[in-house]
Amino acid sequence: MPASAPALESATTPAPGEAAAVASLAPGFPQKLIPLMPKASLKSSSVDKNSSPASAALVATIPAPATAVFTFYAKAFAAQGFKAVPGEAVGGTKSRDFIRANGETANISVVEEAGASTFTVGANVAAGSLK
């Protein structure tokens, strides 16, 4: 796959304030805002400090049920002042949204298959909240 390697390299060098990475945390990724769940295998991550609101997201897998993923991230977001909003699915995907008083939002989406969960965790927050 040598032909795809240059494309990956160019994709990881976006404008200042933006970053993306495959199988690692992007430079400047807000690990306090969105911690990587212990024992999870990171697939990709991104951060964009230039958008308004700023955004960050990660995709990972873990050999654990979806409930474990939701429990971990619900606690992480609650500790930062986010409150869960009603609803636990979008279509057939398990999903939970969170909001903070200043309009900042976060989301957890999980697909569980064969005892493993693939999940996406993202947040849209003020640039100063990307820590």
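Lys94 and Glu112 form a salt bridge in which the closest N and O atoms are 3.5 Å apart. Because Lys94 belongs to strand 6 and Glu112 to strand 7, this pair ties together parts of the chain that are 18 residues apart in sequence. Lys94 is partly exposed, with a relative accessible area of 37%, and Glu112 is likewise partly exposed, with a relative accessible area of 37%. The model described here is a predicted one.

The secondary structure of the chain comes to two helices and eight strands, which follow the pattern α-β-β-β-α-β-β-β-β-β when read along the sequence. Of the 131 residues in the chain, 34% are buried, and the accessible surface comes to about 7,200 Å², with 61% of that area belonging to carbon and sulfur atoms. Among the contacts in the chain with a separation of 6 or more, 49% are between residues 24 or more positions apart.

The structure holds three salt bridges, and they are set out below with the distance between nitrogen and oxygen.

| Salt bridge | N to O distance |
|---|---|
| Glu88 and Arg96 | 3.3 Å |
| Lys94 and Glu112 | 3.5 Å |
| Arg100 and Glu104 | 2.4 Å |

The pairs can also be described by the accessibility of their residues. In the pair formed by Arg100 and Glu104, both residues are buried.

Strand 6, which covers residues 93-99, also contains Ser95. Is Ser95 buried or exposed? With a relative accessible area of 6%, Ser95 counts as buried, because the cut-off for a buried residue is under 20%. The side chain of Ser95 makes a polar contact of 3.0 Å with the side chain of Asn107, and a polar contact of 3.4 Å joins the side chains of Ser95 and Ser109. Leaving aside neighbours within four places in sequence, the residues in contact with Ser95 include Phe70, Glu88, Val90 and Ile108.

Strand 7, made up of residues 105-113, contains Val111, which counts as partly exposed at 46% relative accessibility. Once neighbours within four places in sequence are left aside, Val111 is in contact with Thr93, Ala116, Ser117 and Thr118. The C-alpha atoms of Val111 and Pro65 are separated by 9.3 Å, although these two residues are 46 residues apart along the chain.

Terms used. Residues numbered from 1 in each chain as written. Predicted model: local features only at pLDDT ≥ 70, side-chain atom pairs only at ≥ 80, totals over all residues. Heavy atoms only, no water. Helix = DSSP H or I, 4+ residues; strand = E, 2+ residues; numbered from the N terminus. Buried < 20%, exposed > 50% of the residue type's maximum accessible area, 1.4 Å probe, protein only. Contact = heavy atoms within 4.5 Å. Polar contact = N/O pair within 3.5 Å; in protein donor to acceptor, adjacent residues only side chain to side chain. Areas by Shrake-Rupley, 256 points an atom, 1.4 Å probe, with all protein chains shown as cover. Salt bridge = Lys/Arg side-chain N within 4 Å of Asp/Glu carboxyl O.
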